[in-house]
Amino acid sequence: MKEKLVLIGNGMAGMRAIEELLDIAPEMYDITVFGAEPYGNYNRILLSPVLAGEKTIDEIMLNDEQWYADNGIVLHKGKKVSTIDRRNHKVVAEDGTTEEYDRLLLATGSNPFIIPVPGHDLPGVISFRDIYDVDAMLESSKKHKHAVVIGGGLLGLEAANGLMLQGMHVTVVHLVDTLMERQMDAVSGGMLKKSLEERGLNFLMGASTEAIIGEDRVKGVRFKDGLEIAADLVVMAVGIRPNMELAESVGLHCERGVVVNDTMQTYDPKIYAIGECVQHRGETYGLVAPLFEQAKVCANHLAKMGIARYEGSVTSTKLKVTGIDLFSAGDFIGDDTTEEIVMQDAGRGIYKKIVLKDNKIQGAVMYGDTVDGAWYFQLMRDGTDTSDFRTALMLGQAHLGDSGHGGNTAAANMSDDMEVCGCNGVCKGDIVKAITAKGLFTLDDVRSHTKASNSCGSCTGLVEQILASTLGGDYSAAPHSKPLCKCTDHSHDEVRQAIKERHLVSIRGVMDAMQWKSIDGCASCRPALNYYVIATWPAEAKDDPQSRFINERAHANIQKDGTYSVVPRMWGGLTTPKELRAIADVVDKFDVPEMKVTGGQRIDLFGIKKEDLPAVWADLNAAGMVSGHAYGKSLRTVKTCVGKTWCRFGTQDSTSVGVELERLSWGSWMPHKFKMAVSGCPRNCAEATIKDYGVVCVDSGYELHVGGNGGITVRVTDLLCKVETEEEVYEYSKAFMQLYREEAHYLERTAPWIERVGLSHIKQYVEEDADNRTALAARFDESQKYAQVDPWAERVSEGVAEHEFTSLKKIG
Amino acid sequence: MSDWIEVGTIEDIPVLGARVVETAKGNIGVFRTVDDEIFALRDECPHQKGPLSQGIVHGKRVTCPLHNWNIELDGGAVVAPDEGCTASYPVKIEGSKIFLSLVANG
Ligand code: SRM
Ligand SMILES: Cc1cc2nc3c(=O)[nH]c(=O)nc-3n(C[C@H](O)[C@H](O)[C@H](O)COP(=O)(O)OP(=O)(O)OC[C@H]3O[C@@H](n4cnc5c(N)ncnc54)[C@H](O)[C@@H]3O)c2cc1C
Ligand code: SF4
Ligand code: FES
């Protein structure tokens, strides 16, 4: 017989846990849900747009009643649980409905706080928490004129905005002088107030409510200073209190909320609790992002996997008032130990403030331009040392050169038909629609449902903004626990560490040792694991072709019509008549439809049939050419300029330095593709300063530049150091590549890697510590012993992977 | 009523891999899972006709090499949230021999 799981509280946190549980252990429990509200589960966050008339209740349902039925879940809607019999493992609802449990999950949310002033219980005084409240407000707005909203926080302002859009005359009453004082500082709070006033809201700041007046219905509000204003509707939005009544009444340990440990267990081991009703490590939360993290951890324990832990969350805020862009996170006020960077442009209505402590972001508040909110939030949660790019912080990430939109446009001001994702042609309206209609909460959800930011990723920032302005907060999970893919809870770093420390030399070995959740992984983790074991144990690990993307398996690039392209290596961009003749002959012999000079100084042959690949390679091999790895997460090209040999400005022999760099590094597998360039003088004709490793020759030696990228996000290199000899150029290149190979996450190019770990870190290992540099270079050489084999030749003459290029059978 | 055609042996296909059977009506991909189950699908992704036989096989699914859609090997349905279906063909194993029918399941 299946065990019984009972959930009390049919809200966002509780149901999220059930969904997570169904995902990982669909058959484990008979599930019963009690909900005091008479509906399925809906997206409470979107009550604000419903009030504003931008959405309907139907549009914000997350799991309708049919969903419960389809998943075999018993839903007792409209039934409030009145007690829990902990000894006999039963819950009893007000109407007498009783259910037994083996495990119980409490997710009772919170209650709006009502200030106990005289008149607080008059008809016409309501809170803003559920569908009932929204209905009452909409009803009132049809009959009445004057609304007073007590509380100028997030909820209060969203309620006020909604009521105003419903045609009411709205006054917001706030106790202190700054709106949303927990999310805004005085300056940004002032800007917010000004733009809300321009839209037609009225404010009464520093006003303390003394009484609500009226006899059979509210008539007005009186303040401590004697002022009275008229009101037909009063909305109290002064805060929430965890709803722990039930838990307390049955003796569960509660403080400010129901106390839980890192596995979301209460003091009764059969009872778990998550959501706004809990207190974890002394904190309570009132935004869904952390509650969803709790739900995930809780599901993991309910499924008896027993590995996940919730360690608390950092949250950020957005106000869901269409057209208003504000963002805040962390400690943005600061103290004596912090510094701040502030940018204020009153003309454009933009204000940004970043608070730093020891060069790490503690908090940020932004108004008018929140494009970089997600970036600052990420840096803050990662605890990134920003000293290496502090001057660029205020200018923002987009400034670093995204192609496409990159986040240059403020999401809030975009119209629905503006294109967000240029690769997949997705407009803002499509994204907003998917978020609300399909109940999406994370970037990954949006990616898989709409394809926006699913390809090159340059619009990720913009999609995150749209998500945040639709849902009101940052929904990405805390970075330290970000798993490698859906098959595991372990992060890239944890996996890499285990491979090294536990001497894991195969994909299977890693999956077994780290308890992979799927039998043989997926298309995301297998290529990553294959690279990690090979990079860590070059002599021992065996390559697994079935875990490589087709290009690396077939050693050619797949094209949209299923044919392949072939790019032979041209060392440092140099070529010879013999090579060119051989290429021309191949084109004639195999009827190659198109040839082109690539952006990497070599020649690409397009439209080759897969079965012809070995024969094409054989002819190229015969002329001394090898694979150009144009298809690999590996060393690609080394671009050069003519240099001192011919050029009147050349200072060093850039061409032969480039050739040598390519000779020593070709064949090396990397976390992502790796490109180099050598320019003969600072005119930099080889564009060395947008390469992963770029060398700029100068009269006195060589400048070494690292971490450049010319693709989706243009990033200019950082100067690593200057060296005097060619030998040093080579040794530093090996050390740099090896550090990258050993530390970066799979599919992370050097540019984002350096931004993550900091240039100082790279300098420390590659430049400052000579012993370390030598050791890194030696490890690089060692791995090259196994990697520098021409994959084309192996397939042409040694019959490697023959099955790859022949069909199983021809019929008819 | 299907005519079974012998196309090769299980060992001819790499574990977690695929091979192609060429037919007059186009290619059929024959896939092998980790526990040696064999499936046959029309070698065309419902999205933009990507050759599924070139994808990465995992569980009972293959990821299309062109834009990463996932397709169920058993039946050819596209995994949500994407939508679509590619034809699947009956397969029979005798000993290690693979027999294929060219009459699509339907
Ligand atoms: C052939 C070529 C375009 C050309 O006709 O010139 C090309 C073609 C492709 N590029 Fe590129 N890139 C080519 C030079 C570049 C360059 C220029 C350069 O290397 O100097 C860049 C910008 C420099 C850089 O990488 O920093 C470039 C940035 C990209 C990117 C974005 C990378 C990024 O980190 O931002 C991608 C997408 C990716 O890697 O995920 C990409 C991906 C691709 C793919 C592999 C798309 C794909 O997944 O199928 C194309 C394969 C075509 C094929 O079948 O051969 N290609 N690509 C160039 C081949 C160079 C070579 O000889 O190997
Ligand atoms: C108008 C509004 C706007 C918001 N905007 C945002 C936003 O932009 N971003 C953001 O992150 N968060 C926002 N929030 C907060 C967010 O909605 C909550 O943090 C979240 O819903 C809490 O989830 P929960 O499951 O803990 O509680 P709830 O979603 O409140 O669910 C608890 C449920 O338990 C039921 N219940 C309580 N006691 C019992 C009982 N004894 N028996 C049976 N059922 C019971 C309640 O009726 C309720 O349905 C907003 C909230 C509101 C009201
Ligand atoms: S070659 Fe590069 S830029 Fe051109 S379409 Fe392909 S990926 Fe895009
Ligand atoms: S063709 Fe298969 S995913 Fe696009």
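# Exercises on a predicted model

The accessible surface of chain A amounts to about 33,700 Å², with 49% of it belonging to carbon and sulfur atoms (Shrake-Rupley method, 1.4 Å probe; for residues, only the protein chains shown count as cover). This is a predicted model, in which local features need pLDDT of at least 70 and side-chain atom pairs count only at pLDDT 80 or more, while totals for chains, interfaces and linings use all residues. Residues are numbered from 1 along each chain as its sequence is written, chains are lettered from A in the order in which they are written, and side-chain values use heavy atoms, with hydrogens and water left out.

**Exercise 1.** Determine how the radius of gyration of chain A relates to that of a compact globule with 812 residues.

*Solution.* Step one takes the rule, 2.2 Å times the number of residues to the power 0.38, with the radius taken over C-alpha atoms. Step two applies the rule: for 812 residues a compact globule would have a radius near 28 Å. Step three sets against this the 31 Å of chain A, which agrees. The C-alpha trace spans about 100 × 70 × 55 Å along its principal axes.

**Exercise 2.** Locate A:His490 and state which residues it touches.

*Solution.* First, A:His490 is found in the loop between helix H13 (460–471) and helix H14 (492–501) of chain A; helices are DSSP runs of H or I with at least four residues, strands runs of E with at least two, numbered from the N terminus. Next, its relative accessible area is 23%, so A:His490 is partly exposed (buried is under 20%, exposed over 50%, partly exposed in between; 1.4 Å probe, protein chains only). Finally, not counting residues up to four places away in sequence, A:His490 touches A:Lys482, A:Pro483, A:Leu484, A:Val495 and A:Met514, where contact means heavy atoms within 4.5 Å.

**Exercise 3.** Describe the salt bridge between A:Glu804 and A:Lys610.

*Solution.* The criterion is a side-chain nitrogen of Lys or Arg within 4 Å of a carboxyl oxygen of Asp or Glu. The N to O distance for this pair is 2.6 Å. The pair links distant parts of the chain, 194 residues apart: A:Glu804 lies between helix H25 (791–797) and strand E39 (809–810), and A:Lys610 between strand E33 (603–608) and helix H19 (613–622). A:Glu804 is buried, with a relative accessible area of 11%, and A:Lys610 is buried, with a relative accessible area of 11%.
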